[in-house]
Amino acid sequence: MTEPSDRQAASDGTTQPPVAAQLREILRAPGYLKTLAFSALIGVPVSLAAFWFLVGLHELQHLLWADLPQALDWSTPPWWWPLPLLLVAGVVVGLVVTHLPGAGGHIPASGLHAGGATTAALPGVIIAAAASLPLGATLGPEAPLIALGGGLALLFRDLARAPATPMNTALLGAAGAAAAIAAIFGNPLIAGVLLIEVVGVGGPQLFAVMLPALLSSGVGAVVFTGFGRWTGLKTDSLKLKLPEPPSQLDTGDVVWSILMAVAIGALMHLVFAGGRLTAAFVAAQTLGRTVVCAVAAGGCAALYAVITDRSPADVASSGQATLTTMASDPHAWGVGALLAVLLFKSAAYTLCLGSLRGGPIFPALFLGAAAGVLLSPLPGLGVVPGVAAGMAAAATSALRLPVSSVVLVVLLLGNSATIPVVILAAVVAFVTTELLPPGPSAPPPEPQGQDKDKDAATKA
């Protein structure tokens, strides 16, 4: 509660409240303003670098999984196709981890990280990502993009001969990461919100405050829209009138979304616990065991293809392209195929989280969407609410970032009617995951080499 002196100061305008005064002091600092201006400048080259990095990954993946099989007279890759590709991926990543500075980036099983970006780690990050993602790792490009953006920002600072301080190391690293991550999601809002939670502004208090706010807003949206529909009464609200209004949520959508969130939260918790166990297994003998885990992930894709007679790329990929086709035509997937892809992609995801290099977001989104499509025949549950709730629950459980997950799923789906179930599923999945036993921790990679930004980033 605000003290009388603070209330008087805020009301008569004679003095500023402590928080506002502190903010004005930061904004007036010459060092901060220079960092702010430099952040605007580096957004252009970092975004261009991220664009061409993603283009390169996409073209290489298309070459290996579409052009080359077709050149060999296969309409789709044969069942054994992931095995040699992931063998190569395991060898390259193992060599990067053991011989290059930065160990190829963060271990995906430990989640997303924005701190610790260094210029010396850039070659290893790029090589490990180029070996993992196009060759069939069940991971996404967002973690390498964060490391790429942060490292490039610090590289440009060094090229400009600007002083390296703990503050500008942290700020420029976050700014570069945000510029790069916006490229993959195509939306700067997602990048900004994601970096707020990844950096950990506010610490545990952020989640303690945001979870009740998210939950109450989700419940309020359900009650408000439902009560207005039941009574036929209307109120003025800040809402755009779209030409094609989305369908309304039913009681079954809400109830099943909550139950789904509990189940998906528990599943993703097991997947990441397995990923951390895999990371501990690999750490004992990095090169050889990285190869073993990578080939085992390829075996999951191959076995899926043999059982379902579908492409092994459904499992041996981030799931980004497959998610698009599933969302556009969910009924093209039979129950058997959905069960198989959930089982084998979860297993491959677990292995890749602890052994290869990439990000955890897109495979989690795919698994959540597949679970939503699989459960959509339940009484009262629609396909769109099921997919929305499944994606929100899986992304939140994987990232432990509820606000970012809600924003990401809402913007990806572009359906305002599903926002209440997205919020409810995210909060329920987050609480479920946090209340489960934490399980093992992923061992940090051992960086091979030093960088002058390391100490500054650690202090920041």
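Modeller: Let me start at Met268, which, once its neighbours within four places in sequence are set aside, is in contact (heavy atoms within 4.5 Å) with Tyr349, Ala364, Leu367, Ala394, Ser397 and Ala398. This is a predicted model, in which local features need pLDDT of at least 70 and side-chain atom pairs count only at pLDDT 80 or more, whereas totals for chains, interfaces and linings use all residues. Residues are numbered from 1 along each chain as its sequence is written, and side-chain values use heavy atoms, with hydrogens and water left out.

Met268 also belongs to the largest nonpolar core, which has 112 residues and in which Leu145, Phe185, Met268, Tyr349 and Leu365 touch the most other members. Such a core is a set of buried Ala, Val, Leu, Ile, Met, Phe, Trp, Tyr and Cys residues joined through side-chain atoms within 4.5 Å; buried means under 20% relative accessible area, exposed over 50%, and partly exposed in between, with a 1.4 Å probe and protein chains only.

Thr396 lies in helix α15, where a helix is a DSSP run of H or I with at least four residues, a strand is a run of E with at least two, and numbering goes from the N terminus. Thr396 is buried, at 0% relative accessibility, and, not counting residues up to four places away in sequence, touches Leu401, Pro402, Ser405, Ala426 and Phe430.

Arg400 is found in the loop between α15 and α16, and its phi is near 60°, a positive value in a residue other than glycine. The side chain of Arg400 meets that of Glu434 in a salt bridge at 3.0 Å, N to O, the term standing for a side-chain nitrogen of Lys or Arg within 4 Å of a carboxyl oxygen of Asp or Glu. Because Arg400 sits in the loop between α15 (383-399) and α16 (402-413) and Glu434 in helix α17 (residues 419-435), the pair ties together parts that are 34 residues apart in sequence. Both partners are partly exposed, Arg400 with a relative accessible area of 24% and Glu434 at 41%.

A search of the whole structure finds two salt bridges, and one of them joins the side chains of Asp314 and Arg310 at 3.1 Å, N to O. There Asp314 is buried at 8% relative accessibility, while Arg310 is partly exposed at 29%.

A positive phi in a residue other than glycine also occurs at Ala103, where the value is near 55°; Ala103 is in the loop between α4 and α5 (122-132) and is buried, at 0% relative accessibility.

As for helix packing, the axes of α10 (residues 251-284) and α11 (residues 286-308) come within 6 Å and cross at roughly 140°. Axes here are lines fitted to C-alpha atoms, for helices over the stretch in contact, with angles running from 0 to 180 degrees between N-to-C directions. The two helices are therefore oblique to each other, since angles under 35 degrees count as roughly parallel, over 145 as roughly antiparallel, 65 to 115 as roughly perpendicular and the rest as oblique.

For the chain as a whole, the secondary structure comes to 18 helices and zero strands, and 48% of the 460 residues count as buried. Among contacts with a separation of 6 or more, 80% come from residues 24 or more positions apart.
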